Amino acid sequence: MGEKKSVWEHLKAWVDGEEVILDADKYIVNRSKREKKNWRRNFSMEYIRGNVKLYRFLSIAISVLFIGIMLSVVNDLPEFGNPANPADNEVMERYLESGIEETGATNFVAGMILDYRAFDTFGEANVLFLAVMCVVLLLKKDQKNYSAKEEQENREDDFFDENEKRPILQIGGKLLAPLIILYGIYVILNGHLSPGGGFSGGTIIGAGLILYASAYGQKKMQTFFTFRTFTLICVGGLLTYCACKSYSFFTGANHVGFEIPKGIPGHILSAGFILPLNICVGLIVACTMYGFYALFTKGDI
Amino acid sequence: MSTGIQIILLVFLIVCALAVSFTKNLFIAVIVFMGYSSIMAVIWLLLESPDLAITEAAVGAGVDSVLFFLTLKKVHYLKGTREG
């Protein structure tokens, strides 16, 4: 019984009655332990680094494959600007013919994304909100993921923010930030009249806020923009958007019943819900952009 | 005239895109990517979609690169910053 037998031979011997485990306790103590297969040990860094040629070949092959697929798809696309393209159908004609009448917006893009397809834009705003919430979950500092060393580094950074002289950045920020934010507000408020709208204006405002925060430090930003205002503006904007568009969809998306006044196309107070929706989207995007910056630098808004 | 400018811009676009992927220094890659976004904004303007141009200039050249720089600072890649 000393020599090793395969499982099948053991089984055969047991069936034939030649082999019986007489001393079970002794057998259990003495039997050799099964070796666990350690996958992690097999995939060591040396093993991975040893296969450089394979990886090079695979990366080039996969890139060439994808480039080929994309180029073949691009080859099959209809010609740019051809009037017989499938995109030039009755939908576009309808938008161009009765767009001003139905939405009241002279900017057709705004009329499309905030009136005909407002639900898509709501989804996009929600995606931004979810993204910034994920960053808050990962990077916001609280007692559990925050060490004393980081606390000290943060205090040093605050000290530099207050006492260091950075004249070019500070004077530039002082002069440029109000102008940038003003331009962003203009782009948002004229979203239904001229190119632009909530997303572009919001990012411009966010860039202005980032410039101001990088020039004067986050302590100064916190005098008027705290985490509380951030959440209030984001959630308030989303809820206002949701309420406006719910009303619109509830009445059959035709604004039946109490009709929202369209105003005269071309005036600033016109186009029904498009102006308030633009303001909502712009506020959400501006808060999101500044929120990303603040969470990436200090882990706090 | 306009097509000539467009061809020059498109060549710059391709050169920038290749340069981003071939530079070893991540800092330079981010700056070249900013240039790529600016060129893309001009191309959007020439293709008669100014709202996309505004967004591309603000997001691609502005906020995006700031976020990239912050990430590089977070992983202690930039020289001159703490533990850089």
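Predicted model: local features only at pLDDT ≥ 70, side-chain atom pairs only at ≥ 80, totals over all residues.
I would like to start with a contact inside chain B, where B:L26, B:F27, B:V30, B:F33, B:M34, B:S37, B:S38, B:M40, B:A41, B:W44 and B:L45 of helix 2 of chain B meet B:P50, B:L52, B:A53, B:E56, B:A57, B:G60, B:A61, B:S65, B:F68, B:F69 and B:L72 of helix 3 of chain B. Contact here means that the C-beta atoms of two residues, placed from the backbone, lie within 7 Å, and helices are DSSP runs of H or I with at least four residues, strands being E runs of at least two, numbered from the N terminus.

Residues are numbered from 1 along each chain as its sequence is written, and chains are lettered from A and ligands numbered from 1 in the order in which they are written.

Back to the pair in chain B. The residues of the contact of helix 2 with helix 3 of chain B divide into 17 nonpolar, four polar and one charged, where Ala, Val, Leu, Ile, Met, Phe, Trp, Tyr, Cys and Pro count as nonpolar, Asp, Glu, Lys and Arg as charged, and the others, Gly among them, as polar. The two helices pack at an angle of about 175 degrees, with their axes 7 Å apart; the axes are lines fitted to C-alpha atoms, for helices over the stretch in contact, and the angles run from 0 to 180 degrees between N-to-C directions. Helix 2 and helix 3 of chain B are therefore roughly antiparallel to each other, on a scale where angles under 35 degrees count as roughly parallel, over 145 as roughly antiparallel, 65 to 115 as roughly perpendicular and the rest as oblique.

In the loop between these two helices lies B:E48, whose phi is near 65 degrees, a positive value in a residue other than glycine. B:E48 counts as exposed because it has 9 C-beta neighbours inside 10 Å; the cut-offs are 20 or more other C-beta atoms within 10 Å for buried, 12 or fewer for exposed, and partly exposed in between, with C-beta atoms placed from the backbone. B:K74, which lies in helix 3 of chain B, is partly exposed, with 14 other C-beta atoms within 10 Å.

Let me turn to chain A. Its secondary structure comes to 14 helices and zero strands, and of its 301 residues, 25% count as buried. Among the contacts in chain A with a separation of 6 or more, 74% are between residues 24 or more positions apart.

What does the largest nonpolar core look like, and which residues touch the most other members? It has 58 residues, and A:I210, A:L277 and A:I284 are the ones that touch the most other members, a nonpolar core being a set of buried Ala, Val, Leu, Ile, Met, Phe, Trp, Tyr and Cys residues joined through C-beta atoms within 7 Å. Elements of both chains each supply at least two residues of this core, including helix 8 (118-139) and helix 11 (198-216) of chain A and helix 2 (26-46) and helix 3 (50-74) of chain B. The largest share, 17 residues, comes from helix 14 of chain A. Leaving aside its neighbours within four places in sequence, A:I284 is in contact with A:A125, A:L128, A:F129, A:G202, A:C234, A:G237 and A:L238.

Helix 14 of chain A also packs against helix 7 of chain A, at an angle of about 85 degrees and with the axes 10 Å apart, which makes helix 7 roughly perpendicular to helix 14. On the helix 7 side the contact is made by A:A110, A:G111, A:L114 and A:D115, and on the helix 14 side by A:I274, A:L277 and A:N278.

As for the interface, 18 residues of chain A are in contact with 14 residues of chain B. Helix 11 and helix 14 of chain A are the elements that give two or more residues to the side of chain A that touches chain B, and helix 11 provides the largest share, seven residues. By class, that side has 11 nonpolar, six polar and one charged residues.

Finally, helix 11 of chain A itself: 16 of its 19 residues are buried, so helix 11 is largely enclosed by the rest of the structure. Just after helix 11, A:G217 takes a positive phi of about 85 degrees.
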